[in-house]
Amino acid sequence: MKHPLAITLLLITAILTLSCNSTINTDSTPQHDDYKVVVRRARIVAAGDLMQHDEQVKAAQKPDSTFDYIPSFRHVADRFRAADLAIVNLETTLSDSGPYSGYPTFRSPAAVADAMRDMGIDLAALANNHCCDRSASGIRSTARILDRRGIARIGAYADSIDYKTNNIQYLYGGDLRFAFVNYTYGTNGIPVPRGMVVNHLDTLQMALDLKSIDREAVDCIVAIVHWGNEYERTPNREQRTLAEFMHRHGVDIIIGSHPHVIQAAELDERGRPTLYSLGNFVSNQRTRYRDGGLIATIDIEVIDSLHLNRRISRRANYSLRLDPVWVHLPDYAVIPTEVGDTMQMNADSRQRYNRFMTDTRYHLGL
């Protein structure tokens, strides 16, 4: 059975989407041979902060001193594999060799990327406050490890050539072509290494990036942003102002991270989604509100009306489903409700799981 949160939010979103796009009715398009309507679709699945604290590294270590993170995602991996495009915020640097470390300067085994590849992650967002934790070597090794596994990346770049190549990621998903951009509020005061680039929330540069995207060549622009205040469950004025700015400059979907707690999901007047914060996908943060997050499923439908094979109008519809997930110890398994509601847990885990799910429903008004 689907969780009531997912069902309710999906229904609410569907109603809002239909309302926002009701000014155009494809049924009124002349049905002559010269005219036709083409409908194309894609599905994005996105998760919040993929973190690696010391305790997670220890839990993933095997007797032969190698690491295996695949079990951590075993209950949710199929959701990402079924997506046309799957996205996470990778809030750690990666390395082929230790020593590994957690907070405050993250350095994690390359096996994290193996698990990402296994679950079908297509794009890793790197512009976050921990991307410079290991300075130049961390940016280079993270890029190299992801590249070797065929996982696209965005937001932090090893040099100017890397920046020019990957600053805007153009990816096909389903029937659609997407353009992705990625920005962070900062890097914890750690300077960006000389010659490298990290995309910051600089509205001048963001406007230039968005202007450079040919809207005739892409169907959807997605911005992944690291913003807001940690542990605050309500988006602040700056987040809302930036969201309006991005939508005004052509961004269709905004996916937010950094607060480590769930924040609101909203639609603008055109039905375009802003997910202010998906919370923690996996981490060792155990206090209330921080021990879980959301998996977002965004379905995009683009409808083109054509005359003599030339587009005369286009509209896009978006539907949104949010599924809460909670992190279970000691194996740091990401638990969706269809698993967590019936799995065996000790009394403390059950209490924490139930509290997170209740908090999430109440916070989102469902």
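These legends accompany several close-up views of one predicted model. Because the model is predicted, local features need pLDDT of at least 70 and side-chain atom pairs count only at pLDDT 80 or more, while totals for chains, interfaces and linings use all residues. Residues are numbered from 1 along each chain as its sequence is written, and side-chain values use heavy atoms, with hydrogens and water left out.

**View 1. Strand 2, a mostly covered strand (residues 85-90).** Strands (E, at least two residues) and helices (H or I, at least four residues) are DSSP runs, numbered from the N terminus. Six of the six residues in strand 2 are buried, where buried means under 20% relative accessible area, exposed means over 50%, and partly exposed lies in between (1.4 Å probe, protein chains only). Leu85, Ile87 and Asn89 point one way from the strand, whereas Ala86, Val88 and Leu90 point the other way.

**View 2. The partners of strand 2, which are strand 1 and strand 5.** Two strands pair if DSSP finds at least two bridges between them. Strand 1 (residues 35-50) pairs with strand 2 in the parallel sense over five bridges, and valine 45 stands opposite alanine 86 of strand 2. Strand 5 (residues 123-125) also pairs with strand 2 in the parallel sense, over three bridges, and here alanine 124 of strand 5 is the bridge partner of valine 88.

**View 3. A salt bridge between arginine 79 and aspartate 323.** Side chains of opposite charge can pair when their charged atoms come close. A salt bridge is counted when a side-chain nitrogen of Lys or Arg lies within 4 Å of a carboxyl oxygen of Asp or Glu, and by this rule the count comes to 24 salt bridges. In this one, the N to O distance is 3.0 Å. The pair links distant parts of the chain, with arginine 79 in helix 3 (residues 77-81) and aspartate 323 in strand 17 (residues 310-328), 244 residues apart. Both arginine 79 and aspartate 323 are buried.

**View 4. A salt bridge between arginine 153 and aspartate 147.** The closest N and O atoms of this pair are 2.8 Å apart. Arginine 153 counts as buried because its relative accessibility is 6%, whereas aspartate 147, at 43%, counts as partly exposed.

**View 5. A network of salt bridges that links Arg40, Asp219, Asp304 and Arg314.** Within this view, the side chains of aspartate 304 and arginine 314 meet at 2.7 Å, N to O. Aspartate 304 lies in strand 16 (residues 292-307) and arginine 314 in strand 17, so the pair ties together parts that are ten residues apart in sequence. Aspartate 304 is buried, with a relative accessible area of 6%, while arginine 314 is partly exposed, at 28%.
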